[in-house]
Amino acid sequence: MTDSETLFRRLEAELPAGALLTDPDECWVYGYDNSRRQGRPVAVAQPADRDQVAAVLRLCHEAGTIVTPRGRGTGTTGATVPDHGGVILSTEGLQRLEPVAVDDRYVVTEPGVTNGTVQAAAGAQGFFWPPDPTSAAYCSIGGNLAYNSAGPRAVKYGTPRENTLGLEAVTMDGRVLRSGTRTTKGVVGYDLTRLLIGSEGTLAVITEATLKLTPLPEARATLKAVYADMAAAARAVSRIMAQPVVPCALEFIDGAAIEMVRAHSDADLPEGAGALLMIEVDGPAACLEASASAVAEAARGEGLLDLQRATEAADVAALWATRKALSPALRQVAPKKINEDVVVPVSRIPDLIQGLRELGERHGITIVNFGHAGNGNIHVNLLVDPDDAGELDRAWRCLDEVFALVLGLGGTLSGEHGVGLEKRDYVDREITPETLAVMRGIKAAFDPQGLLNPGKGLPLGT
């Protein structure tokens with residue numbers, strides 16, 4: 001019996017019947033994510049609870065077998081791709097969702113529960129969990145936490161790090177860790193909760209999360225502002241974020257994106273516009289009109305072509321459907337587009353947009369921009385034909401300069417997509433060697449043999 005067969009037999013003994021896949025065809029479908037990268041695992045383990053997760057990790061640790069944790073594969077950076085082979089540990093089967101603790105405003109969930117399911121359960125009790133990625137109907141809570149994925153509402157309510165009270169997680173050698181609290185204040189010990197969130201499954205596998213809930217707002221107003229060019233819209237973002245009323249969403253769509261998504265939208269999208277802002281304000285009904293007026297006043301300025309409030313629910317729904325249709329629409333235009341989610345200080349958004357325009361012209365690459373402007377988090381899409389070697393080479397050189405531009409503006413290389421494989425080799429441009437050494441030391445403390453999702457998140461090196 002081979003070493004692999006021995007491991008498989010031991011794993012099967014710890015898992016429910018049929019919960020270990022070893023057929024290559026079945027395993028292959030667990031080898032990719034939304035980055036379009038793909039690898040083939042030797043097996044896929046599908047545990048149903050924490051103890052089974054611990055058993056899988058412990059047995060693979062003893063066998064010296066690499067493990068790649070995976071939720072539902074909606075990530076865009078290759079962090080769940082088993083590029084080293086080994087075993088995929090799927091958390092989809094961890095589906096426990098406890099009743100909402102209404103008096104204490106939290107809910108306890110396992111990682112396989114989808115974001116949308118958590119929102120529905122919280123909403124039934126008058127709450128919501130602020131992180132709302134575009135894929136909320138499909139993506140899992142475990143994936144949201146692993147990437148620190150946020151979405152539009154982060155501008156006001158924060159990311160998973162600000163909205164998670166505590167975690168349970170299992171290390172590669174099967175140790176069960178607990179971090180955080182079930183209270184909104186607590187300073188005992190190091191903050192392992194925030195460390196594990198965003199670590200892309202490289203330190204431990206999250207098996208339970210205590211999520212901090214927020215009361216649903218009493219009222220909401222949605223504005224649509226159209227500008228002559230991207231620079232005018234970017235300046236408006238800075239004005240909006242500099243006044244006291246913080247919008248709950250402030251989304252940016254450039255003119256090229258508007259034209260490309262027009263066929264996929266029921267919203268009234270202006271022709272020839274340079275950029276569009278979707279602005280949402282929420283809060284008590286008694287304060288809403290004053291809040292919406294303050295934000296609308298900040299949105300006015302040079303370059304504004306039109307400012308309207310969406311008064312009908314259908315109009316609001318159409319605007320948000322348009323925003324969520326952007327990425328799929330661009331995939332139809334350029335299936336191999338290069339999609340990055342960079343962040344700069346809000347005050348530097350005009351410089352970023354101008355710089356991106358100049359880079360696109362210099363390299364002959366179409367660049368389409370949209371994203372969470374209130375956080376300075378812009379999704380930069382380089383539309384390329386992968387069959388055109390010259391264009392692809394220009395695109396990679398352009399991307400290199402995009403990252404240099406972002407860092408030069410005091411920004412960061414990712415706001416919510418994470419690093420994975422796609423950005424790993426650029427990380428040392430942002431993080432100093434001394435800091436990287438500490439990070440590698442943390443990785444070694446959690447996973448001395450380097451078996452848990454190796455080569456993701458940090459540049460290769462010693």
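## Strand β7 and its partners

Strand β9 covers residues 205-212 and runs antiparallel to β7, the two being joined by 6 bridges; strands count as paired where DSSP finds at least two bridges between them. The model is predicted: local features require pLDDT of at least 70 and side-chain atom pairs count only at pLDDT 80 or more, whereas totals for chains, interfaces and linings use all residues. Residues are numbered from 1 along each chain as its sequence is written, and side-chain values use heavy atoms, with hydrogens and water left out.

Strand β7 also pairs with strand β8 (residues 176-180), again in the antiparallel sense, over 5 bridges. Because 7 of the 7 residues of β7 (residues 164-170) are buried, the strand is largely enclosed by the rest of the structure. Buried denotes under 20% relative accessible area, exposed over 50%, and partly exposed the range in between (1.4 Å probe, protein chains only).

## Overall fold

The protein chain contains 15 helices and 17 strands, defined as DSSP runs (helices H or I, at least four residues; strands E, at least two) numbered from the N terminus. Its radius of gyration is 23 Å, close to the 23 Å given by the globule rule for 462 residues, so the chain is as compact as a globular protein of that length. This radius is taken over C-alpha atoms, and the rule is 2.2 Å times the number of residues to the power 0.38. The C-alpha trace spans about 75 × 60 × 45 Å along its principal axes.

Of the 462 residues, 55% count as buried. Among contacts (heavy atoms within 4.5 Å) with a separation of 6 or more, 72% involve residues 24 or more positions apart.

## Surface and charge

The chain exposes about 19,100 Å², of which carbon and sulfur atoms supply 51%; areas come from the Shrake-Rupley method with a 1.4 Å probe, and for residues only the protein chains shown count as cover. There are 43 positive and 59 negative side chains, and the centres of the two sets lie 3 Å apart. Lys and Arg count as positive and Asp and Glu as negative, with His and the chain ends not counted; each charge is placed at NZ of Lys, CZ of Arg, CG of Asp or CD of Glu.

## Residue G123

G123 lies in helix α4 (residues 115-123). It is partly exposed, with a relative accessible area of 32%. G123 and V170 are 47 residues apart in sequence and 30 Å apart in space, C-alpha to C-alpha.
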